Amino acid sequence: MKKIEAIFISDVHLGSKGSNADELLEVLKQYEPKYLFIVGDFIDGWLLKKRHYWSQDFTNVIRKILSYSKNGTKVVYVTGNHDDFLRNYTPMSFSENIQIVDEYIWNDYYIVHGDQFDGIVKMKWLGVLGSWGYEAAIWIDNTLKRFGYKKSLSKFLKKNVKNAIKFITDFEKQAAYQAKSHNCNGVIVGHIHTPSNTYINNIHYLNCGDWVENNSYIVFKNNEFKIITK
C-alpha cells in the first residue's frame with residue numbers, strides 16, 4: 001500500500017443506486033493514509049428516508065474505513081446536505097480516531113462540504129427533488145449504455161443545474177471567501193460534483209469531485225495536493 005499524508009473523498013452517496021462504492025473500495029485498498037477526510041454526502045440520507053437501498057459494496061466501504069481507524073488513520077467526517085441528519089449531533093467522536101464535524105481546519109485549509117454556499121439548498125424540498133431526478137437520470141444512463149449510447153444524461157443535467165446555481169451563488173468565490181475569513185490559505189470542498197484544483201483570489205481552491213460520475217479524489221503527499229480520477 002502507498003503511504004500518504006492524507007486522502008480526501010466526497011459525495012459518495014451511499015444509499016444511491018448511482019454510487020460507485022465498489023470502485024472507491026478498490027482505491028482505498030491502495031493507500032495507507034495518516035488522515036482520511038470525508039467531505040460530506042458520504043451517506044445519502046435524503047434518498048434513504050424515501051426508500052431502502054443498501055448494497056454489500058456500501059457495507060464494505062464502511063468496513064474499510066473502520067479498518068483504517070483501527071490501524072491508526074485519523075478519520076474526519078465533515079457533514080454535507082445529504083447527510084445533514086448528523087448535524088443534530090456534531091461535533092462528536094467515535095473512538096480516538098473518528099471525528100464527525102460540520103467544518104474542519106487542517107494545515108491552514110478550511111474543509112467544508114459547501115452546501116452552505118449553495119443558495120438552492122436553502123429550499124430543501126427543491127434539493128430533495130433534484131436528488132431524485134438525478135438518480136432517475138443515472139438509471140436512464142445505465143439503460144442507454146446497454147444499447148450502446150455513450151452520452152450521459154445525468155452529467156448533462158448535473159452540469160447545467162449546477163451552472164445555474166453557480167451563477168446565482170458564485171459557489172467557488174464564496175468558498176474562497178470563507179477560507180479567507182477563517183484565516184486559511186485554502187479551501188477543500190465537495191458538493192458540486194466537479195473536481196478542481198485552482199486558485200481563486202490567491203486562495204487555493206480544491207474540490208474533491210464525487211463517486212457517482214467522476215470517481216475522483218484528492219491525495220496529499222510531499223506537501224502537494226493532487227486530484228486523481230479513477
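**Salt bridges and an open sheet in a predicted model**

Lys230 and Glu23 form a salt bridge, with 3.8 Å between the closest N and O atoms. The model is predicted. This pair links distant parts of the chain, 207 residues apart. Lys230 sits in the segment after strand E12 (224-229), and Glu23 belongs to helix H1 (residues 21-28). Lys230 is partly exposed, at 46% relative accessibility. Glu23 is also partly exposed, at 26%.

The structure holds five salt bridges. One of them joins Lys34 to Glu5, where the closest N and O atoms are 3.6 Å apart. Lys34 lies in strand E2 (residues 31-39) and Glu5 in strand E1 (residues 2-9), so the contact ties together parts that are 29 residues apart in sequence. Lys34 has a relative accessibility of 52% and therefore counts as exposed, the limit being 50%. Glu5, at 25%, is partly exposed.

A further salt bridge connects the side chains of Arg87 and Asp115, at 2.8 Å from N to O. Here too, distant parts of the chain are linked, 28 residues apart. Arg87 is located in the loop between strand E3 (74-78) and strand E4 (92-94). Asp115 is located in the loop between E7 and helix H4 (124-146). Arg87 is partly exposed, with 25% relative accessibility. Asp115 has a relative accessible area of 7%; this value is under 20%, so the residue is buried. Arg87 and Asp115 also belong to a network of salt bridges that includes Asp102.

Five strands form an open sheet in the order E6-E7-E8-E10-E9, and their pairing is mixed. Strand E6 (104-106) and strand E9 (196-200) stand at the edges. Each has a single partner strand, so one side of each is left without a neighbour in the sheet. On average, neighbouring strands are turned by 20° against each other, direction ignored.

Within this sheet, strand E7 (residues 109-111) pairs with strand E8 (residues 186-189). The pairing is parallel and runs over three bridges. Tyr109 has Gly186 of E8 as its bridge partner. Helix H6 (residues 171-181) packs on the sheet. H6 touches E7, E8, E9 and strand E10 (203-207). The direction of H6 makes about 125° with that of E10.

Notes. Residues are numbered from 1 along each chain as its sequence is written. This is a predicted model: local features need pLDDT of at least 70, side-chain atom pairs count only at pLDDT 80 or more; totals for chains, interfaces and linings use all residues. Side-chain values use heavy atoms; hydrogens and water are left out. Two strands pair if DSSP finds at least two bridges between them. Helices (H or I, at least four residues) and strands (E, at least two) are DSSP runs, numbered from the N terminus. Axes are lines fitted to C-alpha atoms, for helices over the stretch in contact, and angles run from 0 to 180 degrees between N-to-C directions. Contact means heavy atoms within 4.5 Å. A salt bridge is a side-chain nitrogen of Lys or Arg within 4 Å of a carboxyl oxygen of Asp or Glu. Buried means under 20% relative accessible area, exposed over 50%, partly exposed in between (1.4 Å probe, protein chains only).
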